[in-house]
Amino acid sequence: GPVRSVAFSADGKRLFTAHEDGLLRIWDVVSGTLIQEGLGATKIFGFLFSPDRSLLVTYEDGGLQLRDSESLEAKLSIEDDNSAMVFPSAFTADNTHIVGLGFNADYTESTIYIWNAQTGQISHRIEGLAYTYDFQISRDGQYIAASHLVDSAAMVGLWSLADGTRIADLKPDGNAFDTFTAHSFDQADHLLTARSNLVSWGGDG
């Protein structure tokens with residue numbers, strides 16, 4: 001079936017793929033041969049590697065699991081807040097937290113979830129975000145940035161990753177929502193937004 005997730009192992013010798021049919025497949029990169037297909041009766045529809053490739057978050061029919069990337073053994077279950085639409089999508093660089101998005105039924109309201117990667121429990125949530133479909137984590141792991149609407153005005157919000165506290169709502173040049181649907185932190189942790197708009201954020205305002 002169609003591929004939903006794909007990533008290399010830490011040594012670059014294996015390729016992991018997750019498919020719409022729920023089968024996790026592992027391939028030998030050099031020979032192209034299939035090393036493993038499936039994980040018993042477990043259906044895996046997607047996955048997320050930690051930065052050091054030692055951990056694997058898997059999207060399974062029974063919920064979210066954190067697995068060892070070598071043995072594929074489950075280490076712990078990740079709290080999913082009883083929602084079928086919660087998607088972990090990034091680890092912090094130090095492997096201590098997992099960050100993801102949850103959505104309401106029509107995808108107009110979002111929640112950013114921060115999980116403790118050691119326990120799998122939700123540390124905190126950033127709730128009530130309008131039309132938020134992506135976020136970025138600063139390189140130092142201190143901040144989360146996400147575009148959203150505030151009273152119908154397009155903003156880029158900044159929050160503390162440590163406790164979810166809102167730090168600021170930044171308004172780039174222009175009012176159109178699509179002027180900053182893409183945003184990222186550069187190497188100096190300045191926040192860059194689409195269409196060459198730049199918002200500098202050094203952590204001190």
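The model is predicted: local features need pLDDT of at least 70, side-chain atom pairs count only at pLDDT 80 or more, and totals for chains, interfaces and linings use all residues. Residues are numbered from 1 along each chain as its sequence is written, and side-chain values use heavy atoms, without hydrogens or water.

**Cores**

Select Val 57, Leu 66, Ile 78, Phe 91, Ile 98 and Trp 115. In the largest nonpolar core, of 15 residues, these touch the most other members. (A nonpolar core is a set of buried Ala, Val, Leu, Ile, Met, Phe, Trp, Tyr and Cys residues joined through side-chain atoms within 4.5 Å; buried means under 20% relative accessible area, exposed over 50%, partly exposed in between, with a 1.4 Å probe and protein chains only.)

Now show strands S6 (55–60), S7 (63–68), S8 (74–78), S9 (86–91) and S11 (109–116). Each supplies at least two residues of this core. S6 gives the most, 3 residues. (Strands are DSSP runs of E, at least two residues, numbered from the N terminus.)

A separate core has 14 residues, including Phe 103, Leu 129, Ile 144 and Leu 161.

**Rings**

There are 6 aromatic pairs. (Rings of Phe, Tyr and Trp, its six-membered ring, pair if their centres lie within 6.5 Å; planes under 30 degrees apart are stacked, over 60 edge-to-face, the rest tilted.)

Select Phe 103 and Tyr 107. Their ring centres are 4.9 Å apart and their planes at 35°, so the pair is tilted. Phe 103 is buried, at 13% relative accessibility. Tyr 107 is partly exposed, at 33%.

How values were computed. Helices (H or I, at least four residues) and strands (E, at least two) are DSSP runs, numbered from the N terminus.
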